[in-house]
Amino acid sequence: MSLSPELLLHGYSIGIFPMAEHRHDPELFWVDPKIRGVFPLDGFHISRSLARRIRNCGFSVTIDQDFAGVVDGCADRADTWINDELRSLYQRLHVSGHAHSLEIWDGTLLVGGVYGVVLGAAFFGESMFSRRRDASKIALAYLTDRLLQTGFQLFDTQFLTAHLASLGAIEIPRSRYRSLLEEAINTSADFSAPLSQSAEGVIQRITQTS
């Protein structure tokens, strides 16, 4: 099937999302999991070791400074569901303000990040990558803090992995997910709002809410 950005957003609004079987597969298919992975925004788990890494890693964090680079970083693996059509669609959503990225930098090198789609107060996390130890964990911590501060209600991870579960993600039934989704997409939030996201502030806010 061939998708438009509008059809893609409609899919997210009703709880489904597209994937390709692999990088070179021109075909896309919709996915509607019976069990959905979500990050409770008040349940992100920062271990002592991760808190130390956030404080001492020396990385810098930006928002929407290299969206294409983050998507390419996520697709730069042997097995990926991001084909050329999806890459193009996400870029178009980014230009229209419906897709965002958070980047982790080691000096001038992009070493990690996460990107996702936004509708109302719902953030649909698509993928993340890491080229330095803990870079993806640090990206998720900063992302969760941003979602908390800017009024988001739902952080969708689509599926639950052991990596996400170790940070506090959980699984919920499809019916519960759709109820949360309907409420979130009818609420406003501002992902791009200017924020001061200091390392210590991120740790304190997440620790206080979890």
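## How helices pack

Axes here are lines fitted to C-alpha atoms, for helices over the stretch in contact, and the angles between N-to-C directions run from 0 to 180 degrees. Helices (H or I, at least four residues) and strands (E, at least two) are DSSP runs, numbered from the N terminus. This is a predicted model, in which local features need pLDDT of at least 70 and side-chain atom pairs count only at pLDDT 80 or more, while totals for chains, interfaces and linings use all residues. Residues are numbered from 1 along each chain as its sequence is written, and side-chain values use heavy atoms, with hydrogens and water left out.

## Helix 3 and its neighbours

Let's start with helix 3 (residues 67–75) and helix 4 (residues 84–95), whose axes come within 10 Å and cross at roughly 150°. The two helices are therefore roughly antiparallel (over 145 degrees). Helix 3 passes helix 4 in a right-handed crossing, meaning that the near helix is turned clockwise from the far one by less than a right angle. On the helix 3 side, Phe67, Ala68, Val71 and Asp72 meet Arg87, Tyr90, Gln91 and His94 of helix 4; contact means heavy atoms within 4.5 Å.

How many residues of helix 3 are buried? The count is 7 of its 9 residues, where buried means under 20% relative accessible area, exposed over 50% and partly exposed in between (1.4 Å probe, protein chains only). The buried residues are Phe67, Gly69, Val70, Val71, Gly73, Cys74 and Ala75. Their cover includes helix 4, strand 5 (99–106), strand 6 (109–119) and strand 7.

## Helix 1 meets helix 4

Helix 4 also packs with helix 1: their axes come within 10 Å and cross at roughly 85°. That makes helix 1 roughly perpendicular to helix 4 (65 to 115 degrees). Pro5, Leu8, Leu9 and Tyr12 of helix 1 make the contact with Leu89, Tyr90, Arg92 and Leu93 of helix 4.

## Rings in pairs

Now look for aromatic rings: the whole structure holds 9 aromatic pairs. Rings of Phe, Tyr and Trp (its six-membered ring) pair if their centres lie within 6.5 Å, with planes under 30 degrees apart counted as stacked, over 60 as edge-to-face and the rest as tilted. The ring centres of Tyr12 and Phe124 are 5.0 Å apart and their planes stand at 45°, so this pair is tilted. Tyr12 sits in helix 1 (residues 5–13) and Phe124 in strand 7 (residues 122–130), so the pair links distant parts of the chain, 112 residues apart. Both Tyr12 and Phe124 are buried.

Ring pairs also join Phe39, Phe44, Phe123, Phe152, Phe155 and Phe191 into a cluster. The charged end of Arg146 sits over the ring of Phe191, 5.7 Å from its centre. Arg36 lies over the face of Tyr177, at 4.0 Å from the ring centre. For a charge to sit over a ring, NZ of Lys or CZ of Arg must be within 6 Å of the ring centre and within 35 degrees of the ring normal.

Is Asp64 buried or partly exposed? Asp64 is partly exposed, with a relative accessible area of 21%. Asp64 lies in the loop between strand 4 (60–63) and helix 3, and has a positive phi of about 55° although it is not a glycine.

Asp134 belongs to the loop between strand 7 and helix 5. Phi of Asp134 is positive too, near 70°, and Asp134 is buried, with a relative accessible area of 18%.

Notes
Angles under 35 degrees count as roughly parallel, over 145 as roughly antiparallel, 65 to 115 as roughly perpendicular and the rest as oblique.
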